[in-house]
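User: Hi! I have a structure open and would like to talk through some of its local features with you. Could you take my questions one at a time?

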Amino acid sequence: MALVIAWGSYGATPLDLRTTVLVAPVDGPIGKAADMLSDGVYERTGIRWYIRDQFEGAARVVLCTADAIPDGFSLPSGLTVPEKAEGFALGVNGDTVLLVGRDERGVLFAAGRLLRALTLRKGEVTLDRETRIATAPKYPMRVHQLGYRHTATSYDLWDVDAYEQYLRELAFFGSSGAELIQESPPGEKDSPLMAESQWTMNLKLSALLDAYDMDVFIWYPVPILGEDQEKYDRELGYRERFFQEIPRLDQLFVPGGDPGDNHPEVLMPALEGMATMLHKRFPEAGVFVSNQKMSKERNKWFFDYIRNEQPEWLGGYVYGPGTKHSIMDAREWIPSQYPIRRYPDITHNIRGMFPVPHWDGRHTQTLGREGINPRPGHNQLAHNAYAEYAVGFGSYSDGIHDDLNKMVWSALAWDPDADIHEIVKDYGRVFFGPDLEEEVAEALWMLQENMTGDFLTNPSVPKALKAWRAIGEKATPEVRQSWRYQMYLMRAIFDHYVQAHYVAEMEYEKAAYAALAKAPTSGAAQAIEAAKKALAKADNDSIEEELREEMAALADAMFHSIGFQFSVKAPYFTRNPERGALLDKLDMPMNDRPWLEFQFERALAMEQESERLAHLDALVNWEDPGPGGFYDNLGNPQKQPHLDMLSTYEENPSRIDRVTEGRYRWLNNGTLEVDPKYRYSMLDHAQTLHGAPLTMRYRGLDKNAEYKIKVIEFGRFRPTLDLTADGEYVIHGPHRSEEPLWPQEYDIPKAATADGELELTWGLVEGRGTQVAEVWLIKK
């Protein structure tokens, strides 16, 4: 149901709600909604709305269900509560604000919506008298994963109070619950920051969610079982105990892979046993399963089983990251009685379900997989493109760095037609204040724009930092000290710092290549020494040094306020640098210095000066394909003109049947050092998954000329590939690149270019996906 709202159009004097009492039950889910509303107003204004079960004063806010509206109260004429579950109506009648839910959960969402509508400043609470809202969610499942585990960038340092605060804030935008992660046996902790075991915390969080009548989902993977009956019995025993101890459980989600590598003929009987245990305590709980990373053979077994057996114990199917077919295929293959739940990866910027499209490689390597990532536009596309095939979602999240993305998904699952810009403005209004909502919204969009185009010259980067500093100057002390403001300021500073170093280090690299170009006259050794000296200027840089200190202070503040872990080192102890460890990325090279110095050692080891000079010449002219030739850096959005992308992000934001830029992880998770065997153009590559073609097309070639190609076929999957021209000429058979990487040359049959055109297609022989980094088409 679309949002129905009319407010602020008649110029009436706003309703002053400073001296207001909340009329609501003091217990139960509605009492919790009233607590949330009272605390939310107090935190923003210093004014406390007290809760009474009845009151005869002037201004009142009444919270109730549609079948229990107190005597003497009514919604404004013409405003009715939607019949759908979780729906609500919010309106002003005289000096009374009514929040009327179709059910108790609807009251919670009405309270959250009121907080978004109120004007809240210190000592001020007002509401437009014309406020009239009647709405219900389009999709019933609007859940976010908040796993208490080491992998998360923040949650493992939280206590129950921190979880409660965050669950409330998610409810402002329509989130219906949380998915907890259960991986460890009773009593075990997998993080040095945990105050208590995962098992115990999950029991407490289930009770907390139940108090608000919010959904409790459990993500509970099954380890590889094989034929180990003792392990099988032990693992099912853990689950039986957990189901008996947990206060509430609405959905059990068992991934069929990632983690777990059980054949479905082992997995599905195990799930049936788990379902029997679960339904003894929670007969209405759904058992959902995914087929993530299953092979073609296993997928066939999986879907045949569901179609043929149609098990009554199975509650539904989960479409998650790493699934080797589209959600549209899944809906076609699964009987209609089984709902599909989406498991969208809203947390990862790269190596994820919805990677940032056409992202600059330097920014990719530094901000990384779980860097702070407000991506409102990207997530609107990802949500709405496939929403119709599912009953909603339980997101994949591993921290608060994706906070805005969570709110966007919740709001769009409530109303897919909602204006994304209004959602982001509401986010600014409720967390930064009504005087900053426009500026905050614009600054959040800037942070997404920082991920677009050539990072070296991206004008959004300095603008974003200026915008967030201006917000800080205008904000209240409470907002300046809030983790959300500090998080986005941290991201803006980080981007600016990295860009400044990128600009400087590219100048050093330019000077190094100029020195190498003089090698034919100066000699290889002297040219290398001069190039090393130019590159070494980075060692003495003090560029934006004060920003490092500011980021360290912000990281410390967020560690203590919200548990954000910005380093693998003490006191943060995040699991690895991929997990938002921005402090560990500040010294990453922004040019190809490690690779160049590796190549210098190779050159100096050569016996003949002519060999050394030829090697240096190849470095200097790396991208030059010669007269009439073409060079494509397939992982660089600015240098891939001949690549067939298959579809655009706007058409298809998933990685299925689309070419995306793949990213090799340059920084070693253990040593925190980069691998010198790779230049940036090798780290980034074009990729397709699950056998989709990777094709390049050339037009306007010389029909009378002969051509050859040089190619680096490389990516993090290290696949074995073959290559065909025009669908009929075999350029090479199965081949897997060896290290150190160097371009491989192949002749192109003249017949393939006789029409002035050429199509090159790489096929996947073995591996997770087709990946190619660089291609030169050279005219002989």
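**Helices, salt bridges and backbone details**

Analyst: Happy to. R612 and E609 sit three residues apart in helix 21 (residues 609–620), about one turn of the helix. Please keep in mind that this is a predicted model.

User: How far apart are N and O in the salt bridge between R612 and E609?

Analyst: Residues three or four places apart on an α-helix point the same way, because the helix has 3.6 residues a turn. R612 and E609 are three residues apart in helix 21. Their side chains meet in a salt bridge, with an N to O distance of 3.0 Å.

User: Is R612 buried or exposed?

Analyst: The cut-off for buried is under 20% relative accessible area. R612 has a relative accessibility of 17%, so R612 counts as buried.

User: How many residues apart in sequence are the parts that D435 and R121 tie together?

Analyst: The side chains of D435 and R121 meet in a salt bridge, 2.8 Å from N to O. D435 lies in the loop between helix 12 (420–432) and helix 13 (437–449), while R121 belongs to strand 8 (residues 119–121). R121 is partly exposed, with a relative accessible area of 29%. The pair therefore ties together parts whose separation in sequence is 314 residues.

User: Which strand holds D747, the salt-bridge partner of K780?

Analyst: K780 forms a salt bridge with D747, and their closest N and O atoms are 2.8 Å apart. K780 lies in the segment after strand 29 (774–779), so the pair ties together parts 33 residues apart in sequence, and D747 is in strand 26 (residues 744–748).

User: Are K780 and D747 buried or exposed?

Analyst: Exposed means over 50% relative accessible area. Both K780 and D747 are exposed.

User: What span would be expected for helix 3?

Analyst: Helix 3 covers residues 160–172, which is 13 residues.

User: Which residue caps the N-terminal end of helix 3?

Analyst: The buried residues of helix 3 include Y163, E164, Y166 and L167. After the helix comes G174, with a positive phi near 100°. At the N-terminal end, a side-chain oxygen lies 3.2 Å from the backbone nitrogen of D161, and the capping residue is D159.

User: Are helix 1 and helix 2 roughly parallel or roughly antiparallel?

Analyst: The axes of helix 1 (residues 28–45) and helix 2 (residues 104–117) come within 8 Å and cross at roughly 10°. Angles under 35 degrees count as roughly parallel, so helix 1 and helix 2 are roughly parallel. Residues in the contact include P29, I30 and A33 of helix 1 and E104, V107 and L108 of helix 2. The term asked for is thus roughly parallel.

User: What is omega for the cis peptide bond that joins E739 and P740?

Analyst: Most peptide bonds are trans. A cis bond joins A570 and P571, with omega about 5°, and P571 lies in the loop between helix 19 (545–562) and helix 20 (593–604). P740 is found in the loop between strand 25 (729–735) and strand 26. The cis bond joining E739 and P740 has an omega of about 0°.

User: What is the phi of R351, which is not a glycine?

Analyst: Most residues other than glycine have a negative phi. Q310, in the loop between helix 7 (296–309) and strand 16 (316–319), has a positive phi near 45°. R351 lies in the loop between strand 17 (340–342) and helix 9 (361–367) and counts as buried at 12% relative accessibility. The phi of R351 is positive, at about 50°.

User: What is the relative accessible area of T770?

Analyst: T770 lies in strand 28 (residues 769–772). Not counting residues up to four places away in sequence, T770 touches A686, Q687, T688, A692, L694, L721, W762, G763 and L764. T770 is buried, and its relative accessible area is 0%.

Definitions and conventions. Residues are numbered from 1 along each chain as its sequence is written. This is a predicted model: local features need pLDDT of at least 70, side-chain atom pairs count only at pLDDT 80 or more; totals for chains, interfaces and linings use all residues. Side-chain values use heavy atoms; hydrogens and water are left out. Helices (H or I, at least four residues) and strands (E, at least two) are DSSP runs, numbered from the N terminus. Buried means under 20% relative accessible area, exposed over 50%, partly exposed in between (1.4 Å probe, protein chains only). Contact means heavy atoms within 4.5 Å. A salt bridge is a side-chain nitrogen of Lys or Arg within 4 Å of a carboxyl oxygen of Asp or Glu. The expected span of a helix is 1.5 Å times one less than its number of residues. A polar contact is a pair of N or O atoms within 3.5 Å; within protein, one must be able to donate a hydrogen and the other to accept it, and residues adjacent in sequence count only if both atoms are side-chain atoms. Axes are lines fitted to C-alpha atoms, for helices over the stretch in contact, and angles run from 0 to 180 degrees between N-to-C directions. Angles under 35 degrees count as roughly parallel, over 145 as roughly antiparallel, 65 to 115 as roughly perpendicular and the rest as oblique.
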